[in-house]
Amino acid sequence: MRGYIGGFITCPTKTGLLFEKDWLKKIKITMRGVEYLKNNSTMSKMRELAQTVKDFLPDISVNINLN
């Protein structure tokens, strides 16, 4: 994923990629990902949407705090 996110493992399959179990609990944004979000207005809007979704789904532990 171009180094924007990390902390999870994928396995190639015939139809695409298979993510490891509980990958959402392990995913982390990298410093490169933070810079991309700050400099890309569309991705910034998506970050805001992701934060809103995260607020509705408190059981998913995804850290997207960029402050």
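This is a predicted model: local features need pLDDT of at least 70, side-chain atom pairs count only at pLDDT 80 or more; totals for chains, interfaces and linings use all residues.
Start with helix H2, residues 31–39. Which residues of H2 are buried? Gly 33, Val 34 and Leu 37. These three cover an arc of only 100° around the axis, so they sit on the same side of H2.

Next, the surface. There is a nonpolar patch of about 500 Å². Its members are Met 46, Leu 49, Val 53, Phe 56 and Leu 57. Take Val 53. That residue belongs to helix H3, residues 41–56. Its relative accessibility is 40%, so Val 53 counts as partly exposed.

Last topic, the aromatics. How many aromatic pairs does the structure hold? Two. I'll show one of them, Phe 8 with Phe 19. The ring centres are 5.5 Å apart. The planes meet at 35°, so this pair is tilted. Where do the partners lie? Phe 8 is in the loop between strand S1 (5–6) and strand S2 (10–12). Phe 19 is in strand S3, residues 17–19. The pair therefore ties together parts that are 11 residues apart in sequence.

And their cover? Phe 8 has a relative accessible area of 17%, so Phe 8 is buried. Phe 19 comes out at 28%, which makes Phe 19 partly exposed.

Key:
Residues are numbered from 1 along each chain as its sequence is written. Side-chain values use heavy atoms; hydrogens and water are left out. Buried means under 20% relative accessible area, exposed over 50%, partly exposed in between (1.4 Å probe, protein chains only). Helices (H or I, at least four residues) and strands (E, at least two) are DSSP runs, numbered from the N terminus. The arc is that of the directions from the helix axis to the C-beta atoms. Patches are made of residues with over 30% relative accessible area and no salt bridge: like charges are joined within 9 Å, nonpolar side chains (Val, Leu, Ile, Met, Phe, Trp, Tyr) within 5 Å. Accessible areas come from the Shrake-Rupley method with a 1.4 Å probe; for residues, only the protein chains shown count as cover. A salt bridge is a side-chain nitrogen of Lys or Arg within 4 Å of a carboxyl oxygen of Asp or Glu. Rings of Phe, Tyr and Trp (its six-membered ring) pair if their centres lie within 6.5 Å; planes under 30 degrees apart count as stacked, over 60 as edge-to-face and the rest as tilted.
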